[in-house]
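Reader: I have a model on my screen and want to learn to read it. Where do we begin?

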Amino acid sequence: MPLYESSDIKKLKKLLKRCSKGNKNAQEHLYRIYYGYAMSIALRYSKSRIEAEEICNDAFFKWFTKKGQCSNVESFKPWFRRIIINTAIDSYRSKVNQNHLVLLEQIEVVDQAKFDFKAIEAEEIIALMQSLTPMYRMVFNLYVIEGFNHEEIAEKLNITASTSRSNLTRAKQKLRELINDYYYEQAR
């Protein structure tokens, strides 16, 4: 099944071409079309909606000012996704450099109860993920959602692969704890 209808492909090609020439109206139109897509990715990497909006706006800025913009409709979305993820990583790095790393707290072992994830709304899952520490959230997203391996994550975040593995384990434990707390709260 094609990603776009043929008429959509033609329209998007024209729009991308106009954007690459710096046409502000075309850029604004493309911004409106892809803002929701960009936010859906940025929210997973941020601690708040405001931070996600900053990541989105920075990603769009990079997109519109980047030389040799992507003009291939089929590869456009993955290309833009990569810009958003890299922008989130850059945002994380700048915050880590501004703030000293916080000591990792000990994670309590939680019950391995089976949860019905279908009962949790997407917004609630994002809220739970946003409550993770920035490093846990970043490693979790890059590994679980984006499919990077620990060596790639280590390179992107300037950490070791073993630190990446450790942070992933702790992120999963913390998410289990948060989900467990969520269910207990909902049961009241």
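Author: We begin with the core. The largest nonpolar core has 48 residues. A nonpolar core is a set of buried Ala, Val, Leu, Ile, Met, Phe, Trp, Tyr and Cys residues joined through side-chain atoms within 4.5 Å. Buried means under 20% relative accessible area, exposed over 50%, and partly exposed in between, with a 1.4 Å probe and protein chains only. The residues with the most contacts inside this core are Leu30, Tyr34, Trp63, Phe80, Ile84, Leu142 and Leu157.

Reader: Which helices supply this core?

Author: H1 (6-20), H2, H3, H4, H5, H6, H7 (150-157) and H8 (161-187) each supply at least two residues. The largest share, 10 residues, comes from H2. In general, nonpolar side chains of soluble globular proteins tend to be buried together.

Reader: What should I know about the model itself?

Author: This is a predicted model: local features need pLDDT of at least 70, side-chain atom pairs count only at pLDDT 80 or more, and totals for chains, interfaces and linings use all residues. Residues are numbered from 1 along each chain as its sequence is written, and side-chain values use heavy atoms, leaving out hydrogens and water.

Reader: How many helices and strands does the protein have?

Author: Eight helices and zero strands. Helices (H or I, at least four residues) and strands (E, at least two) are DSSP runs, numbered from the N terminus. Of the 188 residues, 39% count as buried.

Reader: How do I read aromatic pairs?

Author: A pair of aromatic rings is described by the distance of the centres and the angle of the planes. Rings of Phe, Tyr and Trp (its six-membered ring) pair if their centres lie within 6.5 Å; planes under 30 degrees apart count as stacked, over 60 as edge-to-face and the rest as tilted. By this rule the count comes to 13 aromatic pairs. Take Tyr31 and Phe60: the ring centres are 4.5 Å apart and the planes lie at 55°, so the pair is tilted. Tyr31 is in H2 (residues 24-45) and Phe60 in H3 (residues 49-65), 29 residues apart. Tyr31 has 26% relative accessibility, so it counts as partly exposed. Phe60 has 2%, so it counts as buried.

Reader: Why does the pair of Phe76 and Phe80 count as stacked?

Author: Their planes are at 10°, with centres 6.2 Å apart, so the pair is stacked. Both lie in H4 (residues 73-98), four residues apart, about one turn of the helix. Phe76 and Phe80 are both buried.

Reader: Which residues form one aromatic cluster?

Author: Tyr31, Tyr34, Tyr35, Tyr37, Phe60, Trp63, Phe64, Phe76, Trp79 and Phe80. The charged end of Lys77 sits over the ring of Tyr37, 4.6 Å from its centre. That wording requires NZ of Lys or CZ of Arg within 6 Å of the ring centre and within 35 degrees of the ring normal.

Reader: Is Leu132 buried or exposed?

Author: Buried, with a relative accessible area of 4%. Leu132 lies in the loop between H5 and H6 (134-145). Contact means heavy atoms within 4.5 Å. Leaving aside neighbours within four places in sequence, Leu132 is in contact with Arg137, Ala171, Lys174, Leu175 and Leu178.
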